[in-house]
Amino acid sequence: DGDVIVGALLNFHLKSDDWNACGEFHPSGVGFAEVLSFTIDKINQEAHLLPKNITLGYDIRDYCDNPMLAVKWAYDFVANVSENRIAAVIGPEDSNTAMMVAGLLQVENIPLVSFAASSEELSSPIYRSFFRTIPPDHNQAKSIVDIIEYFNWSYVAAAAVDHSYGRYGMRALEKEAEERKTFCLAFTEYFTRTGYKNKVYDIVLRLKNNPNIKVVVLWSTEEPARRFLQEAIRQNLEGRTFLISESLATNEQEFFHKFSTVIDGCLGTVPYYRNNPDFDAHIKAATPTNTVGNSYGGAWWKEFWENEFNCSYDLKTCRKHENDTMSGQTLDKMFSAFSAKLIDAVRAVAYALEGAYRCPNQRDRFCANPKHVKPVQVLNQLRSVSFEGFSGKIQFDKNGDPHASSYQIINAQKVSADRMDSSYEKVFVGKWDQLGSPRLVITGTIRWNARNGNATQTPDSVCNHKCPAGTMQTATKSCCWQCLECPHTSISTTEGSPNCTMCPIKQYPNVNRTVCIDLPLENLDWTSLVSASMLALAITGLIMTITVFLTYLRFWSTPIVKASCRELTCILIFSISACYVLAMLYLLPPSEWLCMALPPLRYVGYSVCISVLFLKTARIFQAFQISTSCTRGNLGKQLLQGKYSVAAVALVNIFQGCLASMWLVIDPPTVYEDIKPQRSIFILCKPYQQTAGYAFLMTMLLYLILLAGLSTFYAYKARKIPENFNEARGIVFALYILILSWIVYYPVHFALDGWYVSVVSSASTLLSSYGLLICIFFPKIYVIFWHPERN
């Protein structure tokens, strides 16, 4: 009894199938009732809170976890508000009931202050007279999601009780998942408080059929959760890590021990609180003797002790326990995080009363008359209360929610490694603070579900592991994907890549398609057998040419050397040497300078060789008085003699020289990369880019053919001149070989591409060079060394 009454809706019993009756006894309800009465007694002893001679009383009703019964008691508070002297109501314990009660109490502006109803729905402006000291579920959802992100779980499932607490908790969880996009909910399922069996069976079976889902959020009140976990045990659902909501995490050790095969190693959020040493001492001293005789609470204490000692007052079997205290297991149920929230809820009402009583303007309708306080006055003052409570600073926002929220993270751990000892305890392993940075801090050692194989290793909960490099992830469903190998032209360099990157045109993927590597060159390499063979032939030919030149120098004044026109011979030897060098250059990798040099050098070099042979043939005709168009006239005869023959060579080749110069200036040859995607690159010299370059090339070729034709014709006519002084036969054979090499070379040159073009170019040059060297000079060398009498 008191001058001002605080109503309370608590559960001393569980729900029964008959809504007019109550189910089995619920010891925790006695703990809440004792916390409330103890707190009010303490407030009445504090002189600074309430005016002198004003005391608080309480009216506690048992609603047996039945919303309809809670509404009945709430209606009684409303209908008799003046007689009951009700200033505010504390409770109820669940959100579904709180919504019904809050809607009814606000008819008379009676504030409802809950210590356990956390549903997001209660933050609606509809419930204008509702306050709570427990954080709303959207903050609990944030804390659970922070845990999911902390351990890098990307694929989790969720099961919730199908009423306001579970539905709005899941909505908050789904909202966080959608906004953060760091994890996915594989599915969200709801099970009803009653008629649950088939639905719970289906949910557990679905979890069992998805072994990759290692983490399950269980958002429920205690009784529906017990039925869910019983079904999980029946179906042998093991190896999962449960994240349980605060309604379950605040349970005593007995709960975790009973369902340890399923929730071993689970994590949960418990609203932050600190113990009350005074209440601990008070409840530890409770015995049947000092509690059953209580004028108001004796009824529930009587049932409590009968349940505790398994005795009966009617049968007088409880007398032997009159001085016994409750067991440690029962004592754990007497004070929890919700108990601390309950203390703060009661004290919030007391501070609101203090504000109403000490209002400076007593004519204000929100200021209380010491003889009579109205609920609306308490309601108004509750909006501005601020004090340090047992669960942190208590202050309400415009929705009646706490200004800040914080949770402790618990982990269900086996007390001992001994297999015979199967008891469990809740260990605080971290903290979540809405205003902290970071919000989640893990401070303790977590023991995971031992049925995963390793209690110290954080479990993986993913639909699929990240696809390896060389593949791309293609989504199949939420947070799940299929790993597809990158196409043959592309790569991926990182795990979990959503797409593949095309390799540049000059590269191709490696076997694993993780990196682009350069395409191989098709060009000849110096180390290849073909290159080595060609190089050896060119060097041999060059050495032989130098040897011939040195021989000619040694026998410079002999008749056979003089008869061959020494000046033209030197030019020819130099040109043949240049051809051998040209054959070696064809084997080099093409470059800008090489490409500019090779085509003009080939045509000019051949032109010099043929012009020398042509002049040698003309000189033979002059020596034996064979009349030709080239030997008629004094000028022609002078050009064929001695040093003037050098001028004749220059005169014959000046046209080719001019064409070569114009070619290099107007449309020079360039390096061209012939890229065969995914296969190789062949670098070649492109002799022209425009029509002008092609015209220069064809003109020089036609001039060369004309010169070779004339030389061949005259050499053939001079083949029967006396042998000692006749080079015509050697010249005609050399020209035959030269023309043969062109027949081999030019079809390949104009029609094909590839490394073999370089081989044919080098080989044809070597063939013509050897033909010139052997046919022109070897007969003379033979005479010089083996038949000197003929010289």
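Helices here are DSSP runs of type H or I with at least four residues, and strands are E runs of at least two, both numbered from the N terminus. The model on screen is predicted.

Stop 1: Select Asn-310, which sits in the loop between helix H14 (298-309) and H15. Its phi is positive, about 55 degrees, although the residue is not a glycine. Most residues other than glycine have a negative phi. Asn-310 counts as exposed because its relative accessibility is 72%, and the cut-off for exposed is over 50%.

**Stop 2: the domains.** Colour the chain by domain: domain 1 (4-136 + 277-286 + 335-402), domain 2 (137-273 + 407-442), domain 3 (287-324), domain 4 (471-475 + 483-518) and domain 5 (529-790). Then place the centres of domain 1 and domain 5 from their C-alpha atoms; they are 115 Å apart.

**Stop 3: the largest cavity.** The whole structure holds 2 cavities of 30 Å³ or more. The largest cavity has a volume of about 470 Å³. To find it, select His-26, Glu-93, Glu-222, Ser-247 and Phe-338, which are the closest to its centre among the 26 lining residues. Next show helix H1 (27-45), helix H8 (222-234), helix H9 (246-249) and helix H15 (328-334), the elements that each give two or more residues to this lining. H8 supplies the largest share, 3 residues. Coloured by class, the lining of the largest cavity shows 6 nonpolar, 10 polar and 10 charged residues.

**Stop 4: two cis peptide bonds.** Select Gly-91 and Pro-92, joined by a cis peptide bond with omega of about -10 degrees. Pro-92 is in the loop between strand E5 (86-90) and helix H4 (95-105). Then go to Ser-437 and Pro-438, where the peptide bond is also cis, with omega near 0 degrees. The loop holding Pro-438 runs between strand E16 (424-433) and strand E17 (440-442). Most peptide bonds are trans.

**Stop 5: the annotated spans.** An unreviewed UniProt entry lists "transmembrane region" for several spans, including residues 694-716 and 728-748. Select 694-716: the span is 100% helix and 0% strand, with end C-alpha atoms 33 Å apart. Residues 728-748 are likewise 100% helix and 0% strand, and their end C-alpha atoms lie 31 Å apart.

**Stop 6: Gln-678.** Finish in the loop between strand E24 (670-676) and strand E25 (680-686), where Gln-678 is found. Gln-678 has a positive phi of about 65 degrees without being a glycine. With a relative accessible area of 26%, Gln-678 is partly exposed.

Key
Residues numbered from 1 in each chain as written. Predicted model: local features only at pLDDT ≥ 70, side-chain atom pairs only at ≥ 80, totals over all residues. Heavy atoms only, no water. Domains from an automatic or database assignment. UniProt positions renumbered as here; feature names shortened; annotations may be inferred. 1 Å grid on protein atoms, 1.4 Å probe; cavity = no way out; pocket = protein on both sides within 12 Å on 5 of 7 lines; lining within 4 Å. Points joined across faces, edges and corners; volume = space filled by probe spheres on them. Nonpolar A, V, L, I, M, F, W, Y, C, P; charged D, E, K, R; others polar. Buried < 20%, exposed > 50% of the residue type's maximum accessible area, 1.4 Å probe, protein only.
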